[in-house]
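I opened this entry to look up strand pairing and the ligand surroundings. My notes follow the structure.

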Amino acid sequence: PHTAVIIPAAGRGVRLGPGIPKALRLLNGVPILVHAVRAMAAARSVATVIVVAPPDGAEGVRALLDEHPLPRPVALHVVPGGTTRQESVRLGLAALPADADVVLVHDAARPLVPVDTTEAVAAAVRDGAPAVVPALPVTDTVKQIAAPAREGEPVPVTGTPDRALLRAVQTPQGFAPDALLDAHRRLAGLGGEEGATDDAGMVERLGLPVVLVPGHEEAFKVTRPLDLVLAEAVLARRRI
Ligand code: C5P
């Protein structure tokens, strides 16, 4: 078996605050992206990791990764990304080895995903599912609104979906390579300015089944400043 992983790491991460791109922020002295690459390389079926760097930052990212040892030897490629996440994934897919039987797409911004979660996703693809997503129940009640409101103004609510029927999705999301390649070929340019926010969403639009496996609370996305505090705490707990 040959699992290849695409790690889109071209985002600016503005919600974390101003400064360097999110993937290059340090967590315990090591860039978030390096944690994410190590988390993927730690999975035994993973043989290839393709990092999608900021469009003008591929050389710097390559140098950074070469400075940090990986837990297992993998083929490591760095390619320049695009202006949307969807475009960055498409550019990563162009470097996919022909013999890969599973492709995972993993956010650089989820540095602490456990190996067992990664292996469970890859195994479900290998067992025949075209698209597999790790997911958790939502703990907050979620409100529907009609449109994004202006900051500071009260927002009218249009509905409250049944929380039992909602799941929050994480990464790595796993795919049969043909399913994801097909989705990108057929849906290129669709999905608005931001593109798809999730890779499985593109495969859903082709009408292919997408299944969920249990996610993990340590697979959370480092998005806001408080997430950095939480991530450092998780790492501290792992060391004892
Ligand atoms: O913005 P968000 O947190 O949803 O980004 C998820 C992942 O997509 C991050 O790892 C980010 O670096 C990546 N991304 C990218 N190219 C973009 C935008 C986001 O690779 N143009």
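Predicted model: local features only at pLDDT ≥ 70, side-chain atom pairs only at ≥ 80, totals over all residues.

**Strand pairing around E4**

E4 covers residues 46–53 and E5 covers residues 75–80. The two run parallel, and six bridges join them. I also found Ile50 opposite His77 in E5.

Then I turned to E1, residues 3–8. E1 pairs with E4 over six bridges, in the parallel sense. Here Ile6 stands opposite Ile50 in E4.

**Crossover and burial**

Helix H2, residues 58–67, forms a β-α-β unit with E4 and E5. The unit is right-handed.

Why is E4 largely enclosed by the rest of the structure? Seven of its eight residues are buried, so I recorded the strand as largely enclosed.

**Ligand shell**

Last, I looked up the ligand. I listed 17 residues around the ligand. Pro8, Ala10, Gly11, Ser88 and Ala108 come nearest. I then sorted the shell by class. Seven residues are nonpolar, seven are polar and three are charged.

Terms used:
Residues numbered from 1 in each chain as written. Near = placed C-beta within 6 Å. Nonpolar A, V, L, I, M, F, W, Y, C, P; charged D, E, K, R; others polar. Pairing = 2+ DSSP bridges. Helix = DSSP H or I, 4+ residues; strand = E, 2+ residues; numbered from the N terminus. Right-handed = clockwise from strand over helix to strand, strands pointing away. Buried ≥ 20, exposed ≤ 12 C-beta atoms within 10 Å, placed from the backbone.
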